[in-house]
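Please prepare a short briefing on the structure shown below.

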Amino acid sequence: MSRNQCQTICPAQAGSHQMQLRIVLLGRAGAGKSKVARFLLGGKQLKGEIRSCVVYEGETAGRRICLVDTPGWGRSILHTREKIKNEVIRSVNFCPPGPHALIVVLRVEGLTEVPSVKQLNTASRHMELLSERAWKHTMVLFLCDKEVEDLTVEAYIQKANKLLEKCGNRHYVLHSEAQVSEFLQEIEKMVEGNSGDFFLPQIYYEYCQTRINEAEEAVIRRQHGNLEGGRHFLNEDNQKVDTVATKSKFLERMLGQHYLKPVGLIALVVVGALIGSMAESVYVVMESCMGIVI
């Protein structure tokens, strides 16, 4: 997905020496995502209601930021137009190689109101358009109006318990722009907890997984002379090794560290598989990994 398929606005040019923090804002229409975007970009006057993803780049609190604002979804998954659903899915492609943080904005408005179960379920359903993997990189942001009392905020948090469980209870309560630096620190803690990992868009994740599976199966068949492949092989201590578990660890490591374009990925996987198949070591999958690194 090319970057020029969305609107791009760069309020400031930042230096290249810092790591860029890549953030996607998500939420229902009227949740206040554009307000959060202004806070995160130093109070810049940005676009109002949007119909497609908008990318902003700038520097705030000493951090380089790439921020993707998305059009708001409807009051339920059924009431959200297909174009908006597609924009939610596309949003993670506009900050390559992938966003560090997916921020679900919930607006805390009124003195006594709390979000309905339907509203919270709607947030979950829309996030799952990005796959279950998205929750690992998700944080809920409670955006508060100035007159909202602490008790109301606590009621919101308690009501959103199931939603928070899905994202590891990561959340932040934002009252004003003065809290931006602290909010960014919370995002950085999440990124650190993910070992610097980012969310890989589903299309690339599936592509990588398919190619890795094919390479692994080919190598195992050659090693054992078994056209059906096998789940286990022996290590140097004559103990069975679970190739499914090995593949999972390898996949997570690869996706956590690299973002590969499809053409380059095919070449690297093929080279890795060939090197792995030529090696006589029983750690076949790991030899394929070494081949890719080489």
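His137 lies in the loop that runs between helix H3 (117-127) and strand S6 (138-144). The model is a predicted one. In this model His137 has 3% relative accessibility, so it counts as buried.

**His137 and its surroundings**

- With neighbours within four places in sequence left aside, His137 is in contact with His100, Ala101, Leu102, Arg170, Met190, Asn194, Asp197, Phe198 and Phe199.
- One of these partners, Leu102, also touches Val24, Leu26, Val92, Met127, Leu130, Ala134, Thr138, Met139 and Phe199, not counting residues up to four places away in sequence.

- Seven of the seven residues of S6 are buried, and the strand is mostly covered.
- The cover extends to both faces of S6: Thr138, Val140, Phe142 and Cys144 are buried on one side, and Met139, Leu141 and Leu143 are buried on the other.
- Strand S5 (residues 101-108) runs parallel to S6, and seven bridges join the two.
- Within this pairing, Val108 stands opposite Cys144 of S6.
- Strand S7 (residues 171-174) also pairs with S6 in the parallel sense, over four bridges.
- Here Val140 is the residue that stands opposite His171 of S7.

**Val104 in strand S5**

- Val104 is found in strand S5.
- Its relative accessible area is 1%, which is under the 20% limit, so Val104 is buried.
- Val104 and Val140 are 36 residues apart along the chain, while their C-alpha atoms are separated by 4.8 Å.
- Apart from neighbours within four places in sequence, Val104 is in contact with Leu26, Ala123, Met127, Thr138, Met139, Val140 and Leu141.

**Nonpolar cores**

- In soluble globular proteins, nonpolar side chains tend to be buried together.
- The largest nonpolar core in this model has 35 residues, of which Leu26, Leu102, Met127, Leu130, Val140 and Phe142 touch the most other members.
- Two or more residues of this core come from each of strand S2 (20-26), strand S4 (63-69), helix H2 (82-90), S5, H3, S6, helix H4 (150-159) and helix H5 (161-166).
- S5 gives the largest share of this core, with four residues.

- Helix H1 (residues 33-40) is largely enclosed by the rest of the structure, because six of its eight residues are buried.
- The buried residues of H1 are Lys33, Ser34, Val36, Ala37, Phe39 and Leu40.
- In H2, the buried residues are Ile84, Lys85, Glu87, Val88 and Arg90.
- These buried residues of H2 pack against S2 and H3.

**Backbone details in loops**

- A cis peptide bond runs from Pro96 to Pro97, with omega near 5°.
- Pro97 is placed in the loop between H2 and S5.
- Ser131 is not a glycine, yet it has a positive phi of about 100°.
- The loop between H3 and S6 holds Ser131.
- Ser131 has a relative accessible area of 14%, under the 20% limit, and is therefore buried.
- Ser195 is another residue other than glycine with a positive phi, in this case near 60°.
- The place of Ser195 is in the loop between helix H6 (180-193) and helix H7 (202-224).
- Is Ser195 buried or exposed? Its relative accessibility is 64%, which is over 50%, so Ser195 counts as exposed.

**The chain as a whole**

- The protein chain has ten helices and nine strands.
- Its length is 294 residues, and 48% of them count as buried.
- Among contacts between residues at least 6 apart in sequence, 75% join residues at least 24 apart.
- The protein chain exposes about 15,000 Å², of which carbon and sulfur atoms supply 51%.

Notes. Residues are numbered from 1 along each chain as its sequence is written. This is a predicted model: local features need pLDDT of at least 70, side-chain atom pairs count only at pLDDT 80 or more; totals for chains, interfaces and linings use all residues. Side-chain values use heavy atoms; hydrogens and water are left out. Buried means under 20% relative accessible area, exposed over 50%, partly exposed in between (1.4 Å probe, protein chains only). Contact means heavy atoms within 4.5 Å. Two strands pair if DSSP finds at least two bridges between them. A nonpolar core is a set of buried Ala, Val, Leu, Ile, Met, Phe, Trp, Tyr and Cys residues joined through side-chain atoms within 4.5 Å. Accessible areas come from the Shrake-Rupley method with a 1.4 Å probe; for residues, only the protein chains shown count as cover.
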